[in-house]
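User: Please take a close look at a single part of this model. Then carry on from there through the rest of the picture.

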Amino acid sequence: MKLENIKNYIGGKFREPTGGQYLENYEPATGKVYSYIPDSDERDVEAAVGAATAARSDWAGLKPEERAKWMMKLADAIENDMDLYVAAESKDTGKPVSLARAMDIPRAVSNFRFFAHTITQFSSESHFMQGVGINYTLRSPLGVVGCISPWNLPLYLFSWKIAPALAAGNTVVAKPSEVTPYTAWLLSKTCAETGFPPGVLNIVHGLGHKTGEAICSHPEVKAISFTGGTSTGKRIASVAAPMFKKLSLELGGKNPNIIFADCDYEEMLSVSVRSSFANQGQICLCGSRIYVERPLYEKFRKDFISRVSGLVTGDPHDGETNIGALVSEQHMNKILSYIDLARQEGGIVLTGGEKIIAGGRCSQGWFVTPAVIEGLDQSCRTNQEEIFGPVVTIAPFDTEEEVLAYANGTGYGLSATLWTQDLNRAHRMAEKIESGILWINCWLIRDLRTPFGGVKHSGVGREGGLEALRFFTEPKNICIKYH
Ligand code: NDP
């Protein structure tokens, strides 16, 4: 059977890569190639930027309500094709179908709806100077912008960038991760089917260092919104910053999950299992370093291990599955090498951390059971570097100061989770924890209006709500004097 060739979507048309080369696209659960994606180069990016430039003034000239209407159409069409999108996201990433249905695709729909609504409420500032005059701020679209997203939450994060960019009146050249291109391909088909204005959204598939870099270095691309690893963010900044492009960088994390003995134990336990291992631990917000106040430590250790070892790792199609496949063989090997490293660093693997052969159609898939590791120093590499897989470390602590030092003791600062019933302590620690996002007595509750992003090596800038619309517009102050 001939496998499907995914195509670029440029100027409202499906296009083969100019160089005629394709890359293999794997299904992680089976380890088999199931489609091919364009190995695009700078010529394809040039064509996409050309199409986006041509579409720019018409799109920016639409009233916000009209742009919102187009975005609502996309949201409705994705929702109508929910089963198709859910199955595709699960197949392309290895995540359980149930997770793609509960989280990924509904969130992509919400992203388009949310920014469609938000742009109709967006307003700019005015500064009155008594007896002198008035200033008002014009906020104009930037023009053509680049959006580059990772593989862990493919359509969810792709749309999280595209939606505010479009809502604000920009035209977009976007690149999904080469590892998980399929739902972006479906989105391009949805654009074509709904008659979405050609050239407004252009999707170019390919490798980061080739296609991605061509987007970042193109002089007509005025801003780059990027989510991915910290080292890639650094590389992108080194290309785009000297060209004075606007940059939003959402990067890696090594997030602490801090548990005090006074927490609501049952709630904490079940949420901590999820915050450790949802999406096979491949969410930038997962808590990978768990710190437990000493009086609770032994009980937590026993119960947590019992819950984690009860998680079912296997076929993403199976309704019982909690842990699906890892996204690629390379990523699986990276995770297994970190588990080896943890052992070398003196860690004890209390449960999991094994590559398993899942049965049936998944016998060649990339599965690793969720690992809980104890006994490591806070400064060791396992506790300092982002593993981005089903691996957590656990450690006891005695005082607030001690755990704050652990929490803040990495180069990252994306998110943190704190479990306590003591309101004073919660506020005290919230102020001191170095992260862009903090969840208290919960995890991953998302209000799309809130600022989203990290500090330190976890990124620059904020996404979400008005922050995203501000990023995707250029402010101009206009001052009028009166007599
Ligand atoms: P990468 O940094 O490897 O890739 C992200 C995207 O950038 C991909 O589309 C990639 O293409 C592309 N890319 C790679 N090199 C370049 C380059 N030189 N110029 C332009 N684009 C490039 O990240 P992963 O896909 O491996 O995703 C995992 C990482 O993402 C983790 O570190 C995770 O923490 C982070 N992340 C952060 C989030 C946040 O909100 N802060 C949310 C989710 C994930 P290709 O796939 O072809 O390499």
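Does Asn202 count as buried or exposed, and at what relative accessibility?

Analyst: Asn202 counts as buried, because its relative accessibility is 0%. Buried means under 20% relative accessible area, exposed means over 50%, and partly exposed is in between (1.4 Å probe, protein chains only). This is a predicted model, in which local features need pLDDT of at least 70 and side-chain atom pairs count only at pLDDT 80 or more, while totals for chains, interfaces and linings use all residues. Residues are numbered from 1 along each chain as its sequence is written, and side-chain values use heavy atoms, with hydrogens and water left out.

Asn202 sits in strand E10 (residues 201-203). Helices (H or I, at least four residues) and strands (E, at least two) are DSSP runs, numbered from the N terminus. A polar atom of the Asn202 side chain lies 2.8 Å from the backbone nitrogen of Gly11. A polar contact is a pair of N or O atoms within 3.5 Å; within protein, one must be able to donate a hydrogen and the other to accept it, and residues adjacent in sequence count only if both atoms are side-chain atoms.

Now the ligand. It sits in the largest pocket. A pocket is an open set of points on a 1 Å grid over the protein atoms alone, where a 1.4 Å probe fits, with protein on both sides within 12 Å along at least five of seven lines. To sit there, a molecule needs more than half of its atoms within 2 Å of the grid points. Helix H7 (208-217), strand E11 (221-227) and helix H8 (230-240) are the elements that give two or more residues to the shell around the ligand. H7 gives the most, with five residues.

In total, 33 residues surround the ligand. Each has a heavy atom within 4 Å of it. The closest are Trp151, Thr232, Leu251, Cys284 and Glu386. The side chain of Glu386 places an N or O atom 2.5 Å from a ligand oxygen. For the side chain of Ser177, the distance from an N or O atom to a ligand oxygen is 3.0 Å. Gly229 uses its backbone: an N or O atom there is 2.8 Å from a ligand oxygen. The protein covers 89% of the 900 Å² of accessible area that the ligand has on its own. Such areas come from the Shrake-Rupley method with a 1.4 Å probe.

Next, the cysteines. The structure holds zero disulfides, counted as pairs of cysteine sulfur atoms within 2.5 Å. Cys286 is in none; its nearest cysteine sulfur, that of Cys284, is 8.2 Å away. Cys286 counts as buried because its relative accessibility is 6%. The sulfur of Cys380 is 19 Å from the closest cysteine sulfur, in Cys286, so it is too far for a bond. Cys380 is buried too, at 10% relative accessibility.

Gln280 lies between helix H9 (265-277) and strand E14 (287-293). Its phi is positive, near 60 degrees, in a residue other than glycine. Gln280 is buried, with a relative accessible area of 0%. Leu444 is in the loop between strand E21 (437-440) and strand E22 (459-460). Leu444 is not a glycine, yet has a positive phi of about 60 degrees. Leu444 is buried, at 17% relative accessible area. Gln378 is in the loop between strand E18 (371-374) and helix H12 (381-384). Gln378 is buried at 16%, and its C-alpha is 8.9 Å from that of Ala395, 17 residues apart along the chain.

How values were computed
1 Å grid on protein atoms, 1.4 Å probe; cavity = no way out; pocket = protein on both sides within 12 Å on 5 of 7 lines; lining within 4 Å.
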